[in-house]
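Dear colleague,

I am handing over the structure that you will find just below. Could you look through it alongside the notes that follow it?

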Amino acid sequence: MSEIEIRDDRAAGRLEAIAGGEVVGHIEYFVLESPARALVPVHTLVEPAHEGKGIAGSLARELYGIAARESIVVAPLCPYVVKWAERHPDEAPAADPALLRAAMEWLRAHPGRF
């Protein structure tokens, strides 16, 4: 994989992978505030020309790294991040089911957001 930079655009709810000055992949997420603060990834996308280079995994790893540095959890709704977390339980602690339900409720209450 070529060098990529990962940038967190919290205001836009995007964790972006940058290569050669362009965004080649991203995770869209939101910050859940209640019942506990959590990062909630909803969608992961890697541009077709950059698939198979480990970019999605690097984004997922960094999302969990950000959460760990902020002492919060990740409540994944994105199918890719869910699978990544299952394969990396040492890096991706499981979210409480109640937190996942709250994240789903938030998503249903904001249908145009993602």
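The notes below go through the sheet, one of the helices and a few individual residues.

This is a predicted model, in which local features need pLDDT of at least 70 and side-chain atom pairs count only at pLDDT 80 or more, while totals for chains, interfaces and linings use all residues. Residues are numbered from 1 along each chain as its sequence is written, and side-chain values use heavy atoms, with hydrogens and water left out.

The sheet

The model holds an open sheet of five strands in the order S1-S2-S3-S4-S5, with mixed pairing; helices (H or I, at least four residues) and strands (E, at least two) are DSSP runs, numbered from the N terminus, and two strands pair if DSSP finds at least two bridges between them. Its edge strands are S1 (5–9) and S5 (73–74), each of which pairs on one side only.

Strands S3 (residues 22–32) and S4 (residues 38–46) run antiparallel and are joined by eight bridges. Within this pairing, His 26 has Leu 45 of S4 as its bridge partner, and Phe 30 has Val 40. The hairpin that joins S3 to S4 passes through five residues, and the loop between these two strands contains Pro 35, which is linked to Ser 34 by a cis peptide bond with omega of about 15°. Towards S5, by contrast, S4 runs parallel, with two bridges between them, and Leu 39 stands opposite Val 74 in S5.

Seven of the nine residues of S4 are buried, so this strand is largely enclosed by the rest of the structure; here buried means under 20% relative accessible area, exposed means over 50%, and partly exposed lies in between (1.4 Å probe, protein chains only). Thr 44 lies in S4 and, at 16% relative accessibility, counts as buried. Leaving aside its neighbours within four places in sequence, Thr 44 is in contact (heavy atoms within 4.5 Å) with His 26, Ile 27, Ala 56, Cys 78, Tyr 80 and Val 81.

Helix H3

Helix H3 (residues 97–109) lies across S3, S4 and S5, running at about 105° to S3; the axes are lines fitted to C-alpha atoms, for helices over the stretch in contact, and angles run from 0 to 180 degrees between N-to-C directions. At the start of H3, a side-chain oxygen of Asp 96 reaches to within 2.6 Å of the backbone nitrogen of Ala 98.

Which residues of H3 are buried? They are Leu 99, Ala 102 and Ala 103, and, seen down the axis of H3, its buried residues fall within an arc of 100° (taken from the directions from the helix axis to the C-beta atoms), so they line one face of the helix. As background, an α-helix has 3.6 residues a turn, so residues three or four places apart point the same way. The buried residues of H3 pack against S3, S4 and S5, whereas Pro 97, Arg 101 and Arg 108, on the other side of H3, are exposed.

A residue with positive phi

Ser 71 has a positive phi of about 55° although it is not a glycine. This serine, Ser 71, is placed in the loop between helix H1 (55–69) and S5, and at 67% relative accessibility Ser 71 counts as exposed.

With best regards

Note on methods. Polar contact = N/O pair within 3.5 Å; in protein donor to acceptor, adjacent residues only side chain to side chain.
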